[in-house]
Amino acid sequence: MSKINAEDKLRIINLPKILDRRGNLSIIEEMKNIPFEIKRSFWIYDVPGGETRGGHAYKETQEFIVALSGSFDVVIDDGKTKQTFSLNRSYYGLYVPKLMWRQMINFSTNSLALVVASTEYKADDYIRDYSEFLRVKNNE
Ligand code: TYD
């Protein structure tokens, strides 16, 4: 079993929130609010009602997911248990370590999911087969 640092754990991370009557502002800084260096950002939007995203794990990539607008749920499966995190505010997000099976569901109309990731995009970092995921987890 490999060692897990406290900061490597799956968890909700609250972001700084600068309240202002002109509008609020929140911040993500690498190695400060989130425990990795940011190599990539992408966002998921215009999700039709009832659609799901994800359905895979990454061998190396860590992610931080924020609902910049609207709401959705992230279901995380570590190979043993499933946890559902509801994201619906832009001042916190979900830190997802590598090797976690994730699904994003229940997108509200006009929701916007920001994902910042620790790696450049590589198709071979994906584990898209659930039984392969379980095999990899059991050999950790
Ligand atoms: P994918 O990660 O499978 O989407 P999701 O997990 O949200 O359902 O990505 C969908 C497609 O977009 C896939 O063909 C790969 C491509 N893609 C990139 O080219 N670069 C990226 O950084 C990401 C995240 C996806």
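1. Start with S111: its side chain reaches the backbone oxygen of S108 at 2.9 Å. This is a polar contact, meaning a pair of N or O atoms within 3.5 Å; within protein, one must be able to donate a hydrogen and the other to accept it, and residues adjacent in sequence count only if both atoms are side-chain atoms. Please keep in mind that this is a predicted model, where local features need pLDDT of at least 70, side-chain atom pairs count only at pLDDT 80 or more, and totals for chains, interfaces and linings use all residues. Residues are numbered from 1 along each chain as its sequence is written, and side-chain values use heavy atoms, with hydrogens and water left out.

2. Where does S111 sit? Look in the loop between strand 10 and strand 11 (112–117); strands here are DSSP runs (E, at least two residues), numbered from the N terminus. S111 is buried, with a relative accessible area of 4% (buried means under 20%, with a 1.4 Å probe and protein chains only). Beyond its neighbours within four places in sequence, S111 is in contact (heavy atoms within 4.5 Å) with I44, Y45, D46, S69, G70 and S71.

3. Next, find V115 in strand 11. V115 is buried too, at a relative accessible area of 2%. V115 and F42 are 73 residues apart in sequence, yet their C-alpha atoms are 5.4 Å apart in space. Not counting residues up to four places away in sequence, V115 touches several residues, including R40, F42 and F64.

4. Now for the second largest pocket, with a volume of about 180 Å³. A pocket is an open set of points on a 1 Å grid over the protein atoms alone, where a 1.4 Å probe fits, with protein on both sides within 12 Å along at least five of seven lines; lining residues have an atom within 4 Å of a point. The volume is the space filled by probe spheres set on the points, which are joined across faces, edges and corners. Of its 14 lining residues, F42, I44, G54, H56 and Y58 lie nearest the centre. Strand 5 gives the largest share of the lining, 4 residues.

5. Finally, which residues surround the ligand? They are R40, F42, I44, R53, G54, H56, Y121, Y126 and R128, each with a heavy atom within 4 Å of the ligand. A polar side-chain atom of H56 lies 2.5 Å from a ligand oxygen atom, and a polar side-chain atom of R128 lies 2.9 Å from an oxygen atom of the ligand. For G54, a backbone N or O atom lies 2.9 Å from an oxygen atom of the ligand.

How values were computed
Buried means under 20% relative accessible area, exposed over 50%, partly exposed in between (1.4 Å probe, protein chains only).
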